[in-house]
Structures are given as C-alpha cells and as structure tokens.
Amino acid sequence: MKAIKVTASNEVSIIDVDLNDWRELSNQIDGFIENVRTPEIDHWFKISGVEDVTMICDEEGRLKELPYNRLASMFYGEMYHGQPILGDVIFACYKYDYLISMDRAEKVVEDMLNCFRFLRRATA
C-alpha cells in the first residue's frame, strides 16, 4: 500500500508498506508507533485532494533524542504548543480504524515539494 515517508533530513518519498502490519511500520520509522491527527494535517491534505490522513511517528522520539522533523512539527502544530516531532514520519490515509493506501500519493509528493521548499525527493 502506498504511503508517504518524510525523514528528519527533509527527504520525501512514496513507500510501499503493509499499513496493517505494525512491525513493518515500526521498522520504517525505527520505533514505537503513534498516530497523530491534527487540523493542520487535515487542512493541508484536503487542499491537495486527499482526506482522512494520519501521521505515524515514533512515540519515543524525544527519549531517543531523534533529530527534529521540520515538516512533521509544522503539521503537529508545534508553533502553538512548543512540542516538536522528532524522527521520521509516515503519512497514510485511514478509514474507520484501518490504515489504507494513499491513492494520490504522487500528486501529494509533488505538492509537498512545491509548497515546502526545504523538502527534497529522496534518492533511491
């Protein structure tokens, strides 16, 4: 299933991952899974034509002293409460309590690269 990964080094890529396998998701972000939904995520992704998006991050990022993730922190609303997101994140769609493939992932990545100039496409 398609999802979007954004690393703490500002690299964005489309990944093919089994979104219903928590071990595989945990390996992608190298940690324990936490789902985050915010108005900022909803707003930005709706503009890009995708609804019902969650951000998957490492719930122990601060304890592990992971590097700062600029985009994830913006979407988390750090500017309002001062709490950043640390480490890599994955953006995936959800329906009810299930994570599902992001059908428009290619367009979303292009929109991210155009909107957030600090991002760059990940190299294989």
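**Helix packing, loops, cysteines and the main pocket**

The buried residues of helix α1 (22-29) are covered by elements that include β3, β4, β5 and β6 (98-100). The model is a predicted one, in which local features need pLDDT of at least 70, side-chain atom pairs count only at pLDDT 80 or more, and totals for chains, interfaces and linings use all residues. Residues are numbered from 1 along each chain as its sequence is written, and side-chain values use heavy atoms, with hydrogens and water left out. Helices (H or I, at least four residues) and strands (E, at least two) are DSSP runs, numbered from the N terminus. Contact means heavy atoms within 4.5 Å. A residue is buried under 20% relative accessible area, exposed over 50%, and partly exposed in between (1.4 Å probe, protein chains only).

In α1, the buried residues are Leu25, Ser26 and Ile29. These buried residues line one face of α1, because they fall within an arc of 100° seen down its axis; the arc is that of the directions from the helix axis to the C-beta atoms. Arg23 and Asn27 are exposed on the other side of α1. The loop between α1 and β3 contains Asp30. Asp30 has a positive phi, near 60°, although it is a residue other than glycine, and with a relative accessibility of 62% it counts as exposed.

Helix α2 (39-47) buries Ile41, Trp44 and Phe45. Their arc around the axis of α2 is 95°, so they line one face of the helix. Pro39, His43 and Ile47 are exposed on the other side of α2. The packing partners of the buried residues of α2 are β3, β4, α3, β5 and α5. After α2 comes Gly49, with a positive phi near 90°. A positive phi in a residue other than glycine is also found at Glu65, where the value is near 55°. Glu65 belongs to the loop between β4 and α3 and is exposed, at 70% relative accessibility.

In helix α5 (residues 105-115), Ala105, Val108, Val109, Met112 and Leu113 are buried. They lie on the same side of α5, because they cover an arc of only 135° around the axis. The elements covering them include β1 (2-6), β2 (11-16), α2, α3 (70-76), β5 (89-95) and β7 (120-121). Leu113, one of the buried residues of α5, has a relative accessible area of 13%. Not counting residues up to four places away in sequence, Leu113 touches Val12, Leu119, Arg120 and Arg121.

Val89, in strand β5, is buried with a relative accessible area of 0%. Leaving aside neighbours within four places in sequence, its contacts are Ile4, Lys5, Val6, Ile29, Met55, Ile56, Cys57, Asn69 and Ala72. Val89 is 81 residues from Ala8 in sequence, and the C-alpha to C-alpha distance between the two is 8.1 Å.

With a disulfide taken as a pair of cysteine sulfur atoms within 2.5 Å, the whole structure has 0 disulfides. Cys93 is in none, and the nearest cysteine sulfur to it, that of Cys57, is 17 Å away. Cys93 is buried, with a relative accessible area of 7%. For Cys115, the closest cysteine sulfur is that of Cys93, at 18 Å, which is too far for a bond. Cys115 is partly exposed, at 45% relative accessibility.

Pockets were located on a 1 Å grid over the protein atoms alone, a pocket being an open set of points where a 1.4 Å probe fits, with protein on both sides within 12 Å along at least five of seven lines; lining residues have an atom within 4 Å of a point. Grid points are joined across faces, edges and corners, and a volume is the space filled by probe spheres set on the points. The largest pocket has a volume of about 190 Å³. Its lining includes Glu34, Val36, Cys57, Asp58, Tyr76 and Leu86. Strands β3 (33-36) and β4 (53-58) are the elements that give two or more residues to this lining. By class, the lining has 6 nonpolar, 2 polar and 4 charged residues; Ala, Val, Leu, Ile, Met, Phe, Trp, Tyr, Cys and Pro count as nonpolar, Asp, Glu, Lys and Arg as charged, and the others, Gly among them, as polar.
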